[in-house]
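Here is a friendly walk through one model. Please keep the viewer open as you read.

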Amino acid sequence: MKKITAFLGLVGVVSMISACSDTVTGVNEEENEQAQAITSSSSSATGAKPTSSSQKTSNGIALDEITSSGSVTGSGEVIHDTITTQVIISSTSNYTAPYYSSGGPFCWSDNCPGASSPSTATSSSSISLEVTLSSEAPVYPTVTETQMIDQRDQKMYKLQTIAGMHWMAENLNYETADGSFCKTASSEDMCGTYGRFYTITAARKACPLGWRLPTQEEVEALDAAVPHEWWSVGGRFKLSNGEATDYGDADKQGYFWLSTGNAWKIKNFDGDQVHGLQEDAADRAYNIRCVENK
């Protein structure tokens with residue numbers, strides 16, 4: 001009986017020692033796993049760069065530029081590595097070249113944090129851009145059925161619809177940059193009475209936007225529908241080397257430019273009221289009646 005009791009006691013001691021050994025082994029394995037996790041976390045934290053936030057400074061606006069890349073582990077998990085770079089766009093331009101800072105922000109301002117000395121590199125090529133706004137930009141006139149206001153000089157003209165076309169019922173009086181005349185050195189100003197007188201070159205550019213010189217067919221249709229008095233018999237200027245040298249035939253003859261380069265002549269003397277084509281229009285300045293370009 002004593003031998004059996006001693007044997008059972010020995011078995012119990014062996015079992016206790018075995019259980020303690022398993023407990024110690026489990027604790028060591030858990031400690032090793034924690035140590036590995038701490039080492040991995042520390043290594044990851046050491047390699048990571050701090051994330052910067054957008055900020056506005058007196059020299060510019062800082063923007064975050066984030067680039068992400070990914071890799072796949074054997075378990076199918078995607079690991080993302082994120083790099084954050086700060087870019088400063090300056091609101092000033094009193095510098096000659098970009099500034100760079102190694103390991104710091106990419107900067108276009110001479111006052112950004114950590115900026116190095118200005119770059120001495122010069123560009124191998126340059127582009128010059130010039131923008132010019134013309135004060136002579138064309139604008140459409142204000143037009144009703146019976147009236148036009150030329151927005152270029154605010155002059156007002158009567159209008160009529162005749163033979164299916166919208167006509168100026170008065171001679172144009174718009175001063176072009178060149179090629180238009182009111183008087184010679186010895187004559188009075190005729191523009192107030194008869195409108196302005198133009199060379200054919202100036203006449204082709206003188207009508208308001210949306211209006212033009214009439215064709216011969218349009219003038220013939222108009223002339224058949226209006227009385228003689230509808231026309232202005234304002235004479236003509238003779239020219240020499242582009243200058244007005246003589247004015248004449250006021251109240252006797254009138255001339256109006258056609259788009260072909262010829263003129264429409266109105267004779268008003270010796271009892272005649274002859275209307276017809278004037279083909280010899282060299283070295284002359286005549287009046288204009290514009291027609292709407294439809």
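In this predicted model, a polar side-chain atom of Thr 176 lies 2.8 Å from the backbone oxygen of Asp 178, a polar contact being a pair of N or O atoms within 3.5 Å, one able to donate a hydrogen and the other to accept it. Thr 176 sits in the loop that links strand E8 (165–168) to strand E9 (180–181); strands are DSSP runs of E with at least two residues, helices runs of H or I with at least four, numbered from the N terminus. With a relative accessible area of 14%, Thr 176 is buried, meaning under 20% with a 1.4 Å probe. Leaving out residues up to four places away in sequence, Thr 176 touches Arg 196, Tyr 198, Ala 202 and Ala 206, where contact means heavy atoms within 4.5 Å.

Three strands form an open, antiparallel sheet in the order E14-E15-E16. Strands E14 and E16 are at its edges with a single partner strand each, so one side of each has no neighbour in the sheet.

| Strand | Residues |
|---|---|
| E14 | 253–257 |
| E15 | 263–267 |
| E16 | 275–278 |

E14 and E15 pair over five bridges, while DSSP must find at least two for strands to pair. Phe 256 has Trp 264 in E15 as its bridge partner.

For the whole chain, there are four helices and 18 strands, and 31% of the 294 residues count as buried.

Residues are numbered from 1 along each chain as its sequence is written. Local features need pLDDT of at least 70 and side-chain atom pairs 80 or more, while totals for chains, interfaces and linings use all residues, and side-chain values use heavy atoms, without hydrogens and water.

How values were computed: Buried means under 20% relative accessible area, exposed over 50%, partly exposed in between (1.4 Å probe, protein chains only).
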